[in-house]
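Please look over the sequence and the model shown below before reading on.

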Amino acid sequence: MVREITNKTDWELPKSYLAYLEKGHQNKTIYQTKTTEEKPKLEHLIQQAHGLFVLVKDCAGVENFRSFEHLTRLLKEQAVATKDGNVKPVEGGKLTYQILQNPSDPDATFRHKAGEPHIGHSFRSLRQ
């Protein structure tokens with residue numbers, strides 16, 4: 001840990017999270033992943049997301065941050081607790097189109113249109 005947490009309003013991230021703050025981390029984390037690395041990387045990222053949630057959930061005012069709302073939603077929709085208290089990703093076939101696709105666009109959905117996968121917005125008919 002970079003510094004021991006003594007006050008829930010004054011703390012630093014553990015060293016294992018600092019790489020996410022580096023410029024270009026997204027390319028290393030998401031885009032430069034080989035097919036054979038996808039499952040273990042996803043498992044690691046879900047575990048880190050859960051670890052971050054545990055680290056900050058009791059911090060003053062955190063519930064007011066949109067990023068915390070997205071983190072909470074991600075874990076609720078895309079992770080399951082194991083018997084040993086860890087978390088693992090929900091199996092791909094069990095994910096619905098309504099899950100959080102992109103925290104910068106929380107209303108985006110994934111669906112198939114004309115047999116092709118699409119990420120975007122789905123609007124309900126106003127005639128319902």
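Leu71 touches Ala49, Leu52 and Phe53, leaving aside residues up to four places away in sequence, where contact means heavy atoms within 4.5 Å. This is a predicted model, in which local features need pLDDT of at least 70 and side-chain atom pairs count only at pLDDT 80 or more, while totals for chains, interfaces and linings use all residues. Residues are numbered from 1 along each chain as its sequence is written, and side-chain values use heavy atoms, with hydrogens and water left out.

**The nonpolar cores**

Leu71 also belongs to the largest nonpolar core, whose 6 residues are Ile46, Ala49, Leu71, Leu75, Ala79 and Val87. A nonpolar core is a set of buried Ala, Val, Leu, Ile, Met, Phe, Trp, Tyr and Cys residues joined through side-chain atoms within 4.5 Å; buried means under 20% relative accessible area, exposed over 50%, and partly exposed in between, with a 1.4 Å probe and protein chains only. The elements giving two or more residues to this core are α2 and α3 (66–78). A second, separate core has 5 residues, among them Val56, Cys59, Val62 and Phe68.

Helices (H or I, at least four residues) and strands (E, at least two) are DSSP runs, numbered from the N terminus. The expected span of a helix is 1.5 Å times one less than its number of residues, and the 19 residues of α2 should therefore span 27 Å, which agrees with the 27 Å between its end C-alpha atoms. The buried residues of α2 are Ile46, Gln48, Ala49, Leu55 and Val56, and the buried residues of this helix pack against α3, β1 (79–81) and β2 (87–89).

His50 is found in helix α2, which covers residues 38–56, and His50 is partly exposed, with a relative accessible area of 26%. Not counting residues up to four places away in sequence, His50 touches Leu75 and Val87. The C-alpha atoms of His50 and Leu71 are separated by 8.4 Å, although these residues are 21 residues apart along the chain.

**An aromatic pair**

Rings of Phe, Tyr and Trp (its six-membered ring) pair if their centres lie within 6.5 Å, and planes under 30 degrees apart count as stacked, over 60 as edge-to-face and the rest as tilted. The count comes to 1 aromatic pair. Phe53 and Phe68 form a stacked pair, with 5.5 Å centre to centre and 5° between the planes. Phe53 lies in helix α2 and Phe68 in helix α3, so the pair ties together parts that are 15 residues apart in sequence. Phe68 is buried, with a relative accessible area of 11%.

**Polar and charged contacts**

The structure holds 2 salt bridges, a salt bridge being a side-chain nitrogen of Lys or Arg within 4 Å of a carboxyl oxygen of Asp or Glu.

| Salt bridge | N to O distance |
|---|---|
| Asp58 and Lys57 | 3.5 Å |
| Glu77 and Arg73 | 2.8 Å |

Asp58 counts as exposed at 52% relative accessibility, whereas Lys57 is partly exposed at 37%. Glu77 and Arg73 both lie in helix α3, 4 residues apart, about one turn of the helix. In general, an α-helix has 3.6 residues a turn, so residues three or four places apart point the same way.

Thr33 lies in the loop between α1 (25–31) and α2, and a polar contact of 3.0 Å joins the side chains of Thr33 and Lys41. A polar contact is a pair of N or O atoms within 3.5 Å; within protein, one must be able to donate a hydrogen and the other to accept it, and residues adjacent in sequence count only if both atoms are side-chain atoms.
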